[in-house]
Amino acid sequence: MFNRQDYVSDSDWQRYMDFSKDLETPNVVINLHTIKMNFLQLKKSFPYAHIYYAVKACPGIPVVRMLAELGSNFDIASRYELDEVLSLGISPDRISYGNTIKKARDVKYFYEKGVRMFATDSKEDLKNIAREAPGSRVYVRILVESTATADWPLSRKFGCHPDMAYDLLVQARDLGLTPYGISFHVGSQQRDIGQWNDAIAKAKYLFTSLEEEEGIKLTMINMGGGFPAHYIQPSNELDDYASEITRYLDDDFAEDRPMIVLEPGRSLTGDSGIMASEVVLVSRKNNTALQRWVYQDAGKFNGLIETMDESIKYPIITEKDGGKEGEVILAGPTCDSADIMYEDKKYTLPIDLKSGDKLYWLSTGAYTSSYASVYFNGFPPIKTYYMGENGENVTE
Ligand SMILES: *Cc1c(COP(=O)(O)O)cnc(C)c1O
């Protein structure tokens, strides 16, 4: 049903096959070379931007270590991610505490470790930051309405109305903090580039009004993530995002462009992963059913949570591709009927598919390896491997 070459080159596939041939399923193999290329491409497309890798997308040590060596900064959401990143010798001035939902004692912990950049979107959190992280730079996340065109929306829960952002930045100054900038996230896998235009316009309004009315000169716009990986539904290429977004910035700010931060997660790591699963059973619910149920050993609870509501649609290939295919419903191995990946979206798989055959889920590098339950029904979290540039197994 899918053409593997559209997603993975012949040489990468060959290296993957050599690397993975003896691994137990389910597993996900992260190709570090792909992440490196995506990072370099992003830097080339946005030469003026500071990149803060959103660690949650694929938090493995080999990934964080390699991105640190390439010069990335890090967007961190918890003290646990912070501990990991600091343990690799990464300096706290390369870290932003980007989660607006945090305990006062976690703010304190970050401050004690040397972090001085914090996101916020509420009064209570701002007061905590002022008390536990005095003098730090704060940026306020604004709400953007862009859920319809993002495959994995991140709005509603985070951000505040621009009017409130205005008040928070004034209050930040009054509390002795440094009002640093505005952030937004237009939604993950955002396929409508125009969403950045609306968000940048809101940021511009805040830059202007805060300066004119309060004498507060902001420094930074953090444009979040939202850049695409390659799934089934087409999206524009990164270069198109970059040229459009740069034009929006030029239109609004001309030569006065503020410091720009990007927080990519999915676009750096999504294409780097291949998940291998094994077919457990193929069955039909009655003798004349047109669709087969394909149960296999990867599911919602061990790596495929982004199939919730069939949001992210991964390309899937098998070793029997090329012959006759039929429609299937794809499900995971657990005793929970939520553990169905695709039912509305009609995937087709080879007619002769049977238990023991492997499925390869392409573009599964983002939000799989750590986005999983722990031993639901006894099934362990998915095992993640990191493949280096020469096909070697990178363990840390
Ligand atoms: C998850 C997250 C990101 C990464 O978003 P992608 O769409 O995966 O690139 C960036 N910033 C923040 C604050 C996030 O929570």
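So, the lining of the largest pocket: by class, that's 14 nonpolar, 14 polar and nine charged residues. For those classes, Ala, Val, Leu, Ile, Met, Phe, Trp, Tyr, Cys and Pro count as nonpolar, Asp, Glu, Lys and Arg as charged, and the others, Gly among them, as polar.

Before I go on, this is a predicted model: local features need pLDDT of at least 70, side-chain atom pairs count only at pLDDT 80 or more, and totals for chains, interfaces and linings use all residues. Residues are numbered from 1 along each chain as its sequence is written, and side-chain values use heavy atoms, with hydrogens and water left out.

Back to that pocket. Its volume is about 890 Å³. Of the 37 residues lining the largest pocket, K56, N99, L154, K157 and F158 are the closest to its centre. A pocket here, on a 1 Å grid over the protein atoms alone, is an open set of points where a 1.4 Å probe fits, with protein on both sides within 12 Å along at least five of seven lines, and lining residues have an atom within 4 Å of a point. Grid points are joined across faces, edges and corners, and the volume is the space filled by probe spheres set on the points.

Let's look at some polar contacts, meaning pairs of N or O atoms within 3.5 Å. From a ligand oxygen to a polar side-chain atom, K56 has 2.8 Å, S188 has 2.5 Å and Y367 has 2.6 Å. Taken alone, the ligand exposes 380 Å², and the protein buries 92% of that, using Shrake-Rupley areas with a 1.4 Å probe.

Next, the second largest pocket, with about 550 Å³ of space. It has 30 lining residues, with T34, N38, H230, S267 and D271 closest to the centre. α2 gives the most to this lining, six residues. By class, there are 13 nonpolar, 12 polar and five charged.

The T25 to P26 peptide bond is cis, with omega near -10 degrees, and P26 sits in the loop between α1 and β1. S363, which isn't a glycine, has a positive phi near 60 degrees; find S363 in the loop between β17 (358-362) and β18 (383-387).

Technical notes. Helices (H or I, at least four residues) and strands (E, at least two) are DSSP runs, numbered from the N terminus. A polar contact is a pair of N or O atoms within 3.5 Å; within protein, one must be able to donate a hydrogen and the other to accept it, and residues adjacent in sequence count only if both atoms are side-chain atoms.
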